[in-house]
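Visitor: I would like to learn how to read a few features of a model. Please take them one at a time.

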Amino acid sequence: MPPLLDVRNLMTYFFTAGGLVKAVRGVDFTIEAGETLALVGESGCGKSMTALSLLRLVPEPGRIVEGQIFFAGNDLLHVPDEEMRRVRGNQIAMIFQEPMTSLNPVLRIGEQIAEVLRLHKGQSPAKALETAGELLHRVGIPAPKQRLREYPHQLSGGMRQRVVIAMALACDPRLLIADEPTTALDVTIQAQIMDLLRQLKSEREMATLLITHDLGVVAENADRVAIMYNGLILEYAPVRAIFNDPRHPYTRGLLACIPKLGKKRRRLTTVNGQGGGNGSLSFLDRCPPDFAPRQGNLPRLREVAPGHLVRRWED
Amino acid sequence: MEPLLEVRDLSKAFRSGGGLPGAPSRRLQAVDRVSFTLFKGETLGLVGESGCGKSTTGRLILRLLEADEGQVLFGGRDLLKLSPGEMRPLRRNLQMIFQDPYSSLNPRMKVGDIVGEPLRIHGLARGPELRGEVTALLERVGLEAGYYDRYPHEFSGGQRQRVGIARALAVRPSLIIADEPVSALDLSIQAQVVNLLQDLQQEFALTYLFIAHDLSVIEHISDRVAVMYLGRIVELAPAEALYRAPRHPYSEALLNAVPVPDPDRPRNRPLVKGEVPSAFDPPSGCHFHPRCPYAQEICGRERPAFVDQGNGHFAACHFSEQVGKFRTF
């Protein structure tokens, strides 16, 4: 069976007044039904633009310039706009770091969730409101009937993110894109939300594209991991292989520089460089020859162990 | 060890609402009788979730906010009782590094002037001497001397935080209060800045009050750690002891919630239920009792005393000796 999502050679560029910015420079990955793929990288690496490209929501002056995005067999880059609107919400839902990105501040919670159900599922207003209450209950919101009548500002950050998750689930999507879903939340609430997402995933066979910079969140939630740097995937492997047997110097650097609870070291290891601007390849330039560019070209992703791909030259 | 600064029963309440006629004004106890000592040369980590009062505590010590009650003893004097004129020369000893390197630097000032300003204000250097001193500071924090005439927008987040560190360092303070200094930075940059702060501490014999919400960073940098919950310090201990064997249920819950970068660890673990209650209406007795797995009847009635459980390990819990049952690793 083909994978649920199959992204091939995706390139998303920004045509800004200051010049061309290659945010996504040729990315390939797949997600199977019910699987969680984590897309990991530091700010500006192109992980969020990859996600927005999947939904064809790249903001101006950005454009998908090349690639294919097969979702359940159809290339999303070639479906008509109207069909794409049905895919968003119905088939693929997205949640963001800041829940207010997806909530309307002047509408009651109940109306917002019910709207999704009326539009995408054709439910009657009364039935939609009832379903909305059930969804709130499912995502762990206490006193859901009362919450339906409240406005987003009356809720805490954690509760708002639960509402957004309820909204995303309203249409039983087959793929959930979660872009830093817990980064804005406190650690105890973050743990509760990730716990909820894990439960929902196993309950509904829902695939997840989890975008994060937090390697702890990755270790506890992902099945497979793609490490991104400067618009490219550098390493792509099952979660255990990434943590126990990282092969790319960048992945090793990332893992080495995080302080780990209960493992106090005198000094943190650092990745070279002070964080270059967009288009900077400084890290790769300083890599060992097996990984560094040759005549301005970067190596391709090569399979070094079953299912474990690394961007490096042949031995 | 010699104390550098002592905080005693520091308290601060904010009022909200009441702006309109007839509207009720509500009281929020942001900092509630907080006490601790900073010893010379140590790093004390102050950790807690948003709204727990950790940043307010830092600001009260430097009198960026005025406290309602309490004492801050420094060099034999209570800082809270000093007039602005008496306070000014002392500020040289107490500097701050802020979280957001984007908003804490004046965008219209050159980086060299930003770093040099405290030296000018305190009359410590001027002219070519000032320029030389600033250049040396920039180089010491890992920036090129040539950056002197550039503006903040030309720098990355990590570089701006280095500018903020150079500015704090300029007047050779004895204490630096760092309020979430690395939480806005990418992982790799975070590690560089943490290392820099540790190097500078050695070189300049600095004492740090390091405020952060990230428990891993706090463990790494701190000699001792204080955990805050709803305005109160609930536990204070040497870092290693607190992380290995927390004596307050809230510290235990926080540590259990941290995602650990180890895929071989079981993914499902017991989590503390519910959210932090509103600070406008905190629970009676021990603020943590409604969420606490150890709570009994007394916890809702009596605020537990903050007592030494042995070896400088302080905790405010009626059942401190039981804590540890729910620790997951």
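Visitor: Which residues in helix 1 of chain A are buried?

Guide: This is a predicted model, in which local features need pLDDT of at least 70, side-chain atom pairs count only at pLDDT 80 or more, and totals for chains, interfaces and linings use all residues. Residues are numbered from 1 along each chain as its sequence is written, while chains are lettered from A and ligands numbered from 1 in the order in which they are written. A residue is buried if 20 or more other C-beta atoms, placed from the backbone, lie within 10 Å of its own. Helices are DSSP runs (H or I, at least four residues) and strands likewise (E, at least two), numbered from the N terminus. In helix 1 of chain A, the buried residues are A:Lys47, A:Ser48, A:Met49, A:Thr50, A:Ala51, A:Ser53 and A:Leu54. Seven of the eight residues of this helix (47–54) are buried, so the helix is largely enclosed by the rest of the structure. Just after helix 1 of chain A, A:Arg56 has a positive phi of about 55°.

Visitor: Why does A:Leu5 count as buried?

Guide: A:Leu5 counts as buried because 24 C-beta neighbours lie inside 10 Å. A:Leu5 sits in strand 1 (residues 5–16) of chain A. Two residues are in contact if their C-beta atoms, placed from the backbone, lie within 7 Å. Leaving aside neighbours within four places in sequence, A:Leu5 is in contact with A:Thr30, A:Ile31, A:Phe71, A:Leu175 and A:Ala207.

Visitor: How is a pair of packed helices described?

Guide: Two packed helices are described by the angle between their axes and the distance between the axes. Axes are lines fitted to C-alpha atoms, for helices over the stretch in contact, and angles run from 0 to 180 degrees between N-to-C directions. The axes of helix 6 (residues 157–169) and helix 7 (residues 187–204) of chain A come within 10 Å and cross at roughly 15°. That makes helix 6 of chain A roughly parallel (under 35 degrees) to helix 7 of chain A.

Visitor: Which residues of helix 6 of chain A meet helix 7 of chain A?

Guide: A:Gly158, A:Gln161, A:Ile165 and A:Leu169 of helix 6 meet A:Ile189, A:Gln192, A:Ile193, A:Leu196 and A:Leu200 of helix 7.

Visitor: How many residues does each chain bring to the contact between chain A and chain B?

Guide: Chain B brings 36 residues and chain A brings 38 residues. On the side of chain B that touches chain A, helix 6 of chain B gives the most, with seven residues.

How values were computed. Buried ≥ 20, exposed ≤ 12 C-beta atoms within 10 Å, placed from the backbone. Parallel < 35°, antiparallel > 145°, perpendicular 65-115°, else oblique.
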